[in-house]
Amino acid sequence: MSLRQQLNDAMKEAMKAKDAKRLATLRLVLAALKDKDIAARTETSRDLLGDDEILSLLAKMIKQRDESATAFDAGNRPELAAGEREEIAIIRSFMPAQMDEAGVQQAAQTIIAE
């Protein structure tokens, strides 16, 4: 299943569960994705963005929210910073898991041994 389909399915589930925060975040993600799709259109191609481009968009959105949370913390607005961090957690749930340091070292050792 494509990442785009996962996002759409998650939005439908959030609607059914009446999870307002998750629904609002997924709508923001899908709106940004639609904007990117429109910007990428050419006269000869109407192709939608692939999973790699979607992951790049999600990473950018996480970075923006992290910067906002830091600014809210500096401005003594912890409730707004917490909201941004909730959005980060929701967006991050659609990204592949990052390798921890031990996993990176193990993978490097395996490749070197080969």
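I started with α1 and α2, and they are roughly antiparallel to each other, because anything over 145 degrees counts as that, while under 35 is roughly parallel, 65 to 115 roughly perpendicular and the rest oblique. The axes of α1 (residues 3-17) and α2 (residues 20-40) cross at roughly 150° and come within 9 Å. For the record, axes are lines fitted to C-alpha atoms, for helices over the stretch in contact, and angles run from 0 to 180 degrees between N-to-C directions. Helices are DSSP runs (H or I, at least four residues), numbered from the N terminus.

I checked the hand too: α1 passes α2 in a left-handed crossing. Left-handed here means the near helix is turned anticlockwise from the far one by less than a right angle, and right-handed means clockwise.

Next I listed who touches whom, with contact meaning heavy atoms within 4.5 Å. From α1 I got Arg 4, Leu 7, Asn 8, Ala 10, Met 11, Ala 14 and Met 15, and they meet Arg 22, Leu 23, Leu 26, Arg 27, Val 29, Leu 30, Leu 33 and Asp 37 in α2. That contact has 10 nonpolar, one polar and four charged residues. My classes: Ala, Val, Leu, Ile, Met, Phe, Trp, Tyr, Cys and Pro are nonpolar, Asp, Glu, Lys and Arg charged, and the others, Gly among them, polar.

A note on the source: this is a predicted model, where local features need pLDDT of at least 70 and side-chain atom pairs count only at pLDDT 80 or more, while totals for chains, interfaces and linings use all residues. Residues are numbered from 1 along each chain as its sequence is written, and side-chain values use heavy atoms, with hydrogens and water left out.

I looked up α1 against α3 (residues 51-74) and found an angle of about 55° with the axes 9 Å apart. That makes α1 oblique to α3. Leu 3, Arg 4 and Leu 7 of α1 make the contact with Asp 51, Ile 54, Leu 55 and Leu 58 of α3. I sorted those residues into five nonpolar, no polar and two charged.

Then α2 and α4: their axes come within 10 Å and cross at roughly 65°, so the two are roughly perpendicular to each other. This time the crossing is right-handed. Lys 21, Arg 22, Thr 25, Leu 28 and Val 29 of α2 touch Gly 83, Glu 86, Glu 87, Ile 90 and Ile 91 of α4.

Arg 92 sits in α4 (residues 78-92). I have it as partly exposed at 48% relative accessible area (buried is under 20%, exposed over 50%, partly exposed in between, with a 1.4 Å probe and protein chains only).

On to the loops. Most residues other than glycine have a negative phi. Lys 18 has a positive one of about 55°; its place is the loop between α1 and α2, and at 73% relative accessibility it counts as exposed. Asn 76 also has a positive phi, near 60°. I found Asn 76 in the loop between α3 and α4, exposed at 63%.

Last, confidence: pLDDT, the predictor's per-residue score from 0 to 100, averages 91 over the protein chain, and 100% of the residues score at least 70.
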